[in-house]
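Hi everyone, thanks for coming. Let's walk through a chain together, and please stop me if a term is new to you.

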Amino acid sequence: NTIVAIVGRPNVGKSTLFNRLSQKSKAIVIDVPGATRDRNYADCTWHGRRYTLIDTGGFEPASTETILIQMREQTHLAIEEADIIIFLMDGRDGLTPADIEIVQLLREGGKKVFYAVNKVDGPRHEGLLPEFYRLGVSRIHDISAQHGLGIDELMEDLSACLPEEAASAGEEGEEEDRIRIALIGKPNVGKSSLLNKILGYERTIANPTPGTTRDAIDTPFEFDGHRYLLIDTAGIRKKSRISLSLEKYSVIQALKTLDRCDIALLLIDAEEGITDQDTKIAGLAFEKGRAVIIVVNKWDLVAKDNSTVGRYVRDIKDRLKFMDFSPIIFVSALSGQRVTRIFALVQEVYRQYTTRISTGELNRKVMEIVSKNPPPQYQQKAHPFNYVTQVSIKPPTFAFFVGKPAEIHFSYERYLINSLREALGFTTVPIRLVFRRKH
Ligand code: GDP
């Protein structure tokens, strides 16, 4: 999963470029109660090559002083976390001192950078370009994000740096038999502490020298006779030098690992309780269809009585309604309390996440569910589903063949999902339904 970050001063057109590039792709919009709507991340493709696009802008600071600080943070974040950077400048403003400073940082950062001058909306603006060559950069793309000019050329160059689809699929294939686990959560919830605790149980580490490079390192390990792979252990251990962007940093880290894991352990700080940032990261995991186990860490720091667990569970399920089926476990990465029990949960969640239901059983169950509560427009007629079949696992996905897919109302889909979850034993994992026109 290649991360491409757009960096640039406020108002140079970062969001416009972001929107243009992500137009036809599904932007990751966390549209769940309690989570702020966020359009800064999108999974995109360019001629079949996939990448995740990030607009590092976020907010536009008021004074020039904060702009520079914010710009430096943004740039450091991109250098640390992105694989490829698009540095965007503004042709109308000309080359500014801030641009020159950022270019210097980018050069030192050693990542692949593409330079683009925006707002070159037609031939009459072409005179804007020469001064940018003072930067000493060999190729500067003139583009108009708003009018879509020069975008193809920029992306043609950039996509040459994106991996071809087949390569990454091959990589994933090698560790097919291991359950792939990611640790996600905001900074300081205890991800690296938990990682160390887990690997501390390990007697025979299959690969004894993980974490020697900065790039993603996965650590295989065994516990109780089962084989696992911890995704991006280098990323978990790595402490960011960035202060202001730490929150964003954990979102990018989650984005990078969620594509590659089966099960995400979402850490929540017991002392703080569940926060907006937790909700946001959980929302990403949900959008990506991952199975999630909610790990409430630092349980040792909480003063407890009979109602404490119940209160936490209610609070979490309330904030994370969209994944209220995810199991919750209370641990202390520090003392090790209940840490090994995470693996019993992982086993059960993984079993459900990879369960295949036979078409016969599935159709019998769907019949029962539908006849109990037929969709409103089908009260009198035969029910609308000709045929249902499971089309994939991880997450379990069921295709409903139906006369008019558009007629299935969102709330009825909800009913189907909840009933199927119960009837088929998918009690801890997300399931998905797709409605297809019957042939
Ligand atoms: P990360 O940023 O998510 O990797 O968090 P760290 O693993 O670096 O932990 C952040 C801080 O929380 C460190 O000072 C840890 O010692 C502390 N910490 C982590 N887990 C626990 C826990 O279960 N109990 C207590 N009391 N402290 C913890």
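Let me begin with a term: a residue is buried if 20 or more other C-beta atoms lie within 10 Å of its own, exposed if 12 or fewer, and partly exposed in between, with the C-beta atoms placed from the backbone. A nonpolar core is then a set of buried Ala, Val, Leu, Ile, Met, Phe, Trp, Tyr and Cys residues joined through C-beta atoms within 7 Å. Please remember that this is a predicted model, where local features need pLDDT of at least 70 and side-chain atom pairs count only at pLDDT 80 or more, while totals for chains, interfaces and linings use all residues. Residues are numbered from 1 along each chain as its sequence is written.

Now the chain as a whole. Of its 439 residues, 38% count as buried. It has 13 helices and 15 strands; these are DSSP runs numbered from the N terminus, with helices being H or I of at least four residues and strands E of at least two. Two residues are in contact if their C-beta atoms, placed from the backbone, lie within 7 Å. Among contacts with a separation of 6 or more, 71% join residues 24 or more positions apart.

Let's turn to the sheets. Two strands pair if DSSP finds at least two bridges between them.

Strand 2 (residues 41-46) and strand 3 (residues 49-55) are antiparallel, over six bridges, and Cys-44 stands opposite Tyr-51. Two residues sit between these strands in the hairpin, where His-47 takes a positive phi near 45°. Strand 1 (residues 3-8) pairs with strand 3 in the parallel sense, over four bridges.

Strand 11 (residues 291-297) pairs with strand 12 in the parallel sense over three bridges, and Val-295 has Ile-329 as its bridge partner.

Which residues touch the most other members of the largest nonpolar core? Of its 104 residues, they are Ile-181, Ile-263, Ala-264, Leu-265, Leu-266, Ala-285 and Val-295. Beyond its neighbours within four places in sequence, Leu-265 is in contact with Ile-181, Leu-183, Ile-293, Val-295 and Ile-342.

Finally, the ligand. It is surrounded by 15 residues, the closest being Gly-190, Lys-191, Ser-192, Ser-193 and Leu-334; a residue is near it if its C-beta atom, placed from the backbone, lies within 6 Å. Helix 6 (residues 191-200) gives the most to this shell, with three residues.
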